[in-house]
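Visitor: I would like to learn how to read the features of a structure such as this one. Could we go through them step by step?

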Amino acid sequence: MPGKILAFAESKEGKFKNSAFEVVSEASKIASETGSELIVFAIGTVMEQEAKVLAKYGAVNFYYTDLNELNSKSAKQNFIYSPSAFAKAVSNFAKSMNASTILLSATSLGKDLAGRIAIQTDSTVFNDCVDIKTEGGKITASRPVFAGKSIVDIRTDSDKITLSLRPNVFKPHVGDNDKIEIHKVDVDSLGISDADFSSVVKEVVVSSEKLDVAEADRIVSGGRGLRGPENFKMIEELAAAIGGATGASRAVVDAGWRPHSEQVGQTGKTVSPSLYIACGISGAIQHLAGMSSAKCIVAINKDKDAPIFQIANYGIVGDVFEILPALTEEFKKVVSK
Amino acid sequence: MKIIVCVSLVPDSTTKVKIADTKKSIDESGVSFIINPYDEFAVEEALRLKEKNGGEVTAVSYGTDKSKEAIKKAFQMGADKGVFIKAADSNYDSFSTAKNLSDYLKSQNADIILFGKQSIDFDGMLIPSMVSELLNLPCISVVVKLDIENGKVIAEREIEGGKEIVESSMPIVIGAQKGINEPRYPNLKSIMAAKSKPIEEIPQTYSGNKVEITEMKLPPTKSSGKIFTNGKDDVSELVRLLREEAKVI
Ligand SMILES: Cc1cc2nc3c(=O)[nH]c(=O)nc-3n(C[C@H](O)[C@H](O)[C@H](O)COP(=O)(O)OP(=O)(O)OC[C@H]3O[C@@H](n4cnc5c(N)ncnc54)[C@H](O)[C@@H]3O)c2cc1C
Ligand SMILES: Nc1ncnc2c1ncn2[C@@H]1O[C@H](COP(=O)(O)O)[C@@H](O)[C@H]1O
């Protein structure tokens, strides 16, 4: 009997993130392939009402710890998140349930926790997985390395494994399960003490209400071909027309035209949207490293030999100043339909 | 202030990856190696902390002999000391790296241990948090701003769509992200000075590798795309294809 599979379902302000559905769904698939039991764990507020939405992704047993109760273990006040306390809560819960596989999403929270959980549960850890397979009850994972220029298939002999899944890659599978048992986990059973709150998040500053490029399913990125910061309005309008996020090349971030949070590439964000539209971007290897795993890449560039066309699924050789407004209009027609 | 910065050596970011015949690693012939770009941010931050608070900066690297190059780069930027933990061979994983680093670090009583947020070879994003757990110290990963005042740390950590303001006690482990500072270029004087700085070499304390790469491959190649050349006139056809063929809209 293999150990249980634990899916950590990330939530924010009482709502599960989309990536939580991906993780629960993938964990449910692994559980059925290996004949093991799936348990879902979350730390948050108002979990009881929300938990039901996880049933259709295969969750039958849902456990949660109330965030406010967890935080009350600290003498500090008014904080939002403590990495050590979260890591310990997940780890100790996993141990108490005999979970041997832990899945989280490779979000900024998940990546922050994965290494800590691996040390606490004595498991082998792989961040940012893009594929998971089970063979003879054993899990193998694939993950991009060298900023996506290569992919490795990896396995481990260790009997415990912690995996974080790159958001947007695993598509949640909706099944017909609608029964879910909800269990509240008593904070006292998790062994958390004031010492686990040596670092705490006091405040979250939202840089914009815009969708973050790392989380978006559609991205429109602009590069030096846009000629100046004022012309990024065209990028924003195109992104708005398809409900996507805006991205940028490093050249325009370094020039101060766009914030660093939008930079896609080796020293920016790695993204895997369904649609990536690169406008006035040459396609330097460091840029490609961040977006080559997009499902569909569209390039718009006036230079027919620009390297971006080599990885594009579709492209138009032409001037962004002409094409972008036309494209925005065309998208508006079909998307509103 | 006792400041330690952990540095690693990685293939240059312009490297075109070729897979070795074993299909388990990259073909390193012709590849040039550099200090991990994120580690330059960590070294720069270490030097600024020293300039402000006094103390010394030690650069530490675990790996095979060529890892010493990363320490030399830290010397050129201005690090005072270098410690090289020699791995018996290149067969190690994130855990053994974290374990060897923390075995060394635990006797050092540093006030702050800086890392890059991620190495650009295996993109593990693990060592800072693993080391912090092994040392039982707080860790702030992906830091874009760091302030230390009277033994208290206030840092900004980058997250999706914004940043977290994190407060912490010292000693602390930090993972440096682009934006935290602008790394300095070594000048001739510091490059000369670096040549005479000795690197202390110590043996590894732990060996083991629980991770097996069964295959390394290139990402699936895209079948050659449909590239149009009539500019604006192709826009409606492009949108049609995105809807009907690619089905992404
Ligand atoms: C260590 C390192 C890390 C790096 N990390 C990153 C990273 O994370 N992300 C990143 O993006 N880069 C990164 N780079 C930089 C990268 O090498 C390139 O310099 C950068 O991506 C170029 O940006 P660009 O495509 O906007 O500009 P350019 O290369 O200047 O390309 C501009 C393109 O716009 C086209 N163009 C111009 N005018 C028009 C027009 N009117 N209509 C249509 N097309 C037009 C041109 O044909 C050209 O192809 C990194 C570099 C290094 C050394
Ligand atoms: N072999 C090593 N020796 C010293 N520091 C390392 C080593 N490998 C990784 N690091 C540090 O850990 C950071 C994150 O690496 P990783 O977790 O592998 O992505 C790097 O930016 C370095 O600061």
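Visitor: How do the residues of the shell around ligand 2 divide into nonpolar, polar and charged?

Guide: Start with a caution: this is a predicted model. To read a shell, sort its residues by type and count each group. Around ligand 2 the count gives ten nonpolar residues, eight polar and one charged.

Visitor: Which residues come nearest to ligand 2?

Guide: The shell of ligand 2 holds 19 residues, and the nearest are Cys6(B), Asp39(B), Tyr62(B), Ser119(B) and Leu126(B).

Visitor: How should I read the polar contacts of ligand 2?

Guide: Look for pairs of N or O atoms within 3.5 Å, since that is the cut-off for a polar contact. In chain B, the side chain of Asp39(B) has an N or O atom 2.4 Å from an oxygen atom of ligand 2. Asn36(B) places a polar side-chain atom 2.9 Å from an oxygen atom of this ligand. With Val7(B) the backbone takes part: one of its polar atoms is 3.4 Å from a nitrogen atom of ligand 2.

Visitor: How much of the accessible area of ligand 2 does the protein cover?

Guide: Compare the ligand on its own with the ligand in place. Ligand 2 has 480 Å² of accessible area on its own, and the protein covers 94% of it.

Visitor: Which elements give two or more residues to the shell around ligand 2?

Guide: In chain B they are β4 (56–63), α3 (94–105), β6 (112–116) and α4 (127–135). The largest share, three residues, comes from β4(B).

Visitor: What is the space taken by ligand 2?

Guide: That space is the largest pocket. A pocket is read by its volume and its lining. Here the volume is about 1,400 Å³. The lining has 50 residues, and those nearest the centre of the pocket are Ser90(B), Tyr92(B), Thr97(B), Asp121(B) and Phe122(B). Strand β12 (residues 211–217) of chain B gives the largest share of this lining, four residues. By type, the lining of the largest pocket has 25 nonpolar residues, 16 polar and nine charged.

Visitor: Why is the site of ligand 1 shared between chains?

Guide: Check the chain letters of the residues in the shell. Those around ligand 1 come from chains A and B, so the site is shared. In total 27 residues surround ligand 1, and the closest are Ser249(A), Thr267(A), Ser282(A), Gln286(A) and Asn301(A). The shell divides into six nonpolar residues, 15 polar and six charged.

Visitor: Which elements of chain A each supply at least two residues of the shell around ligand 1?

Guide: They are α7 (250–254), α8 (285–291) and α10 (320–335).

Visitor: How many cavities of 30 Å³ or more does a search of the whole structure find?

Guide: The search finds three. The largest cavity has a volume of about 690 Å³. Among its 43 lining residues, Ala106(A), Lys111(A), Lys117(B), Gln118(B) and Met125(B) lie nearest its centre. Elements that each supply at least two residues of this lining are α5 (108–121) of chain A, and α4, β7 (139–149) and β8 (152–159) of chain B. The lining of the largest cavity divides into 17 nonpolar residues, 14 polar and twelve charged.

Visitor: What should I look for in the backbone?

Guide: Look at the torsion angles. The peptide bond from Met170(B) to Pro171(B) is cis, with omega near -10°. Pro171(B) is in the loop between β9 (162–169) and β10 (172–176) of chain B. In chain A, Asn78(A) is a residue other than glycine with a positive phi, near 55°. Asn78(A) is found in the loop between α3 (67–71) and α4 (83–96) of that chain.

Key:
Residues numbered from 1 in each chain as written. Chains lettered and ligands numbered in written order. Predicted model: local features only at pLDDT ≥ 70, side-chain atom pairs only at ≥ 80, totals over all residues. Heavy atoms only, no water. Near = heavy atom within 4 Å. Nonpolar A, V, L, I, M, F, W, Y, C, P; charged D, E, K, R; others polar. Polar contact = N/O pair within 3.5 Å; in protein donor to acceptor, adjacent residues only side chain to side chain. Areas by Shrake-Rupley, 256 points an atom, 1.4 Å probe, with all protein chains shown as cover. 1 Å grid on protein atoms, 1.4 Å probe; cavity = no way out; pocket = protein on both sides within 12 Å on 5 of 7 lines; lining within 4 Å. Sits in = over half its atoms within 2 Å of the grid points. Points joined across faces, edges and corners; volume = space filled by probe spheres on them.
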